[in-house]
Amino acid sequence: MTSVDDKSPADAKVLQLAALGGRPAVPRGMRSLPWPVVTDADRKAVLDTLDGESLVSNADGQTPVSRLEQAWADRCGTRWCVGTSNGTTALQLGLAALGIGPGNEVIVPGLSFIASALAPVHQMAVPVFADVDPVTFTLDPEAVRAAIGPRTAAILPVHLHGHPADMDAIGELADRHGLAVLEDAAQAHGARYRGRAVGGLGHAGVFSLQVTKNLPTCGEGGLLVTDDEEVARTARMGRQFGEVMEPGVERDYISYNLGWNHKLSSVQAAFTLSQLDRFDEYEAIRTRNVEAFLERLTGLPGLVVPTVAEGSTHAWHILRFRLDPRAAGMPGEVTPGAFRAAVHRLLRAEGVPVSRYQLMPLSEQKVFQDRVGFGSGHPWAALDGPPTECGDLPVTRAIIEDSLTLQKRHLNPDAGEALQRYADGIEKVWANLDVVARMAGAS
């Protein structure tokens, strides 16, 4: 490694770490890029809805909600799509429509956003946490197999960060044990598994339209897709107070089963429909930008870049990098957590906007540790015995300890140059691994 002292003063300033007084690799204007990209077409779609179309989803005739539902069902290769107020309510409605309730257990990954595990609790079912694959970060089928018990009613695989879970293996386990499969595809719009779109691989699938997602709305929204007409019908009833709402039939205001107010607004659906017109273009550009970025980083010792399993495509919603101190040549006393913390500090100083995403396995969230739930220990108290224990989740714990993520900045189709600057910053830190070692050792 050439030392900074061997360079000209100008070169030395570029190579010196920003944390030690050098020039940051990433200009401030590239550290955060806007998402979603809002165009005049998006504004027109919203204004047209405000000026003329129904503002609710339960109106007769075509609405922005019904048009979005049809368009997304077509993309997922499913017969039905039900728009909801957000991705979490879509998960809850999906579980409700699949008959999941008190006394049931639902297997969820230990590494995911909190909504994946809250949705079963909202249905008075108990989440059972299974470990994840160390490369794809999705449910490990062997961990699922070990977690299946007499009260297991469903498996909730999460296509985390945009990479599909191993749906063949999960589907085989579900078929063997008679379990429902609800896909959490909140981060995986457009991803494919064995040539099929995620969301259409289980009994039902759920997407989020939250403003940070690859397919966003102007706030919150969700979509549930399924090939099962009864599941779709029950979900539609559930989003509308348990009522049966049919085009051309006068509303009777009778709640036939338990329902909520989980409807998607027409304004948000109209915004998403406009975004959907550019979805394929943005996805193709994003894939090229991300692949060029990762190609720069592949081969840096101790930096494990995200990859795509054979037979899958990646939506690249989040990029997660694992850090291996031994492969990076760190001294033996440097732990993965200390290495990650030192790299994180130095990258942020360079202007590379990495973060940690999740700080603990889902099983350690207080809502599940304290088991307050709905009071009196429910839903756990509704089981006919002690809940299935999930174990220590060693892979989930290791991923959280040794990884950093890049979120949202790369979604913008103009992010190519910024990603290359991020690569500059990462390479710069890796050119100073001696400094990283001293910082990590001191911590």
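Asp40 is exposed in this predicted model, because its relative accessibility of 61% lies over the 50% cut-off. Its salt-bridge partner is Arg43, and the closest N and O atoms of the two are 3.1 Å apart. Arg43 is partly exposed, since its relative accessible area is 44%, a value between the 20% and 50% limits. If you trace helix α2, which covers residues 40-52, you will find both residues in it, three residues apart, or about one turn of the helix.

Stay with helix α2 for a moment and look at Asp42. This residue forms a salt bridge too, with Arg278, and here the closest N and O atoms are 2.9 Å apart. The pair ties together distant parts of the chain: Asp42 sits in helix α2, while Arg278 sits in the loop between α9 (266-276) and α10 (279-297), 236 residues apart. Are these two partners buried or exposed? Asp42 has a relative accessibility of 1%, so it counts as buried. Arg278 is buried as well, because its relative accessible area is 12%, under the 20% cut-off.

Now move along to helix α8, residues 229-239, where Glu230 and Arg233 lie three residues apart, about one turn of the helix. Their side chains meet in a salt bridge, with 2.7 Å from N to O. Glu230 has a relative accessible area of 42%, so it is partly exposed. Arg233 counts as partly exposed too, at 35% relative accessibility.

How many salt bridges does the structure hold? There are 21. Some residues are joined in a network of salt bridges, among them Glu105, Arg151 and Asp384, which are linked in this way.

Let us turn from charged pairs to helix packing. Helix α4 (residues 87-97) packs with helix α5 (residues 115-122) at an angle of about 45 degrees, and their axes are 9 Å apart. The crossing of the two helices is right-handed. On the α4 side, the residues that take part are Thr88, Leu91, Gln92 and Leu95; they meet Ala115, Ser116, Ala119, Pro120 and His122 of α5. What kinds of residue make up this contact of α4 with α5? Five are nonpolar, four are polar and none is charged.

How values were computed
Residues numbered from 1 in each chain as written. Predicted model: local features only at pLDDT ≥ 70, side-chain atom pairs only at ≥ 80, totals over all residues. Heavy atoms only, no water. Axes fitted to C-alpha atoms, helices over the stretch in contact; angles between N-to-C directions. Helix = DSSP H or I, 4+ residues; strand = E, 2+ residues; numbered from the N terminus. Left-handed = near helix turned anticlockwise from the far one by under 90°. Contact = heavy atoms within 4.5 Å. Nonpolar A, V, L, I, M, F, W, Y, C, P; charged D, E, K, R; others polar. Salt bridge = Lys/Arg side-chain N within 4 Å of Asp/Glu carboxyl O. Buried < 20%, exposed > 50% of the residue type's maximum accessible area, 1.4 Å probe, protein only.
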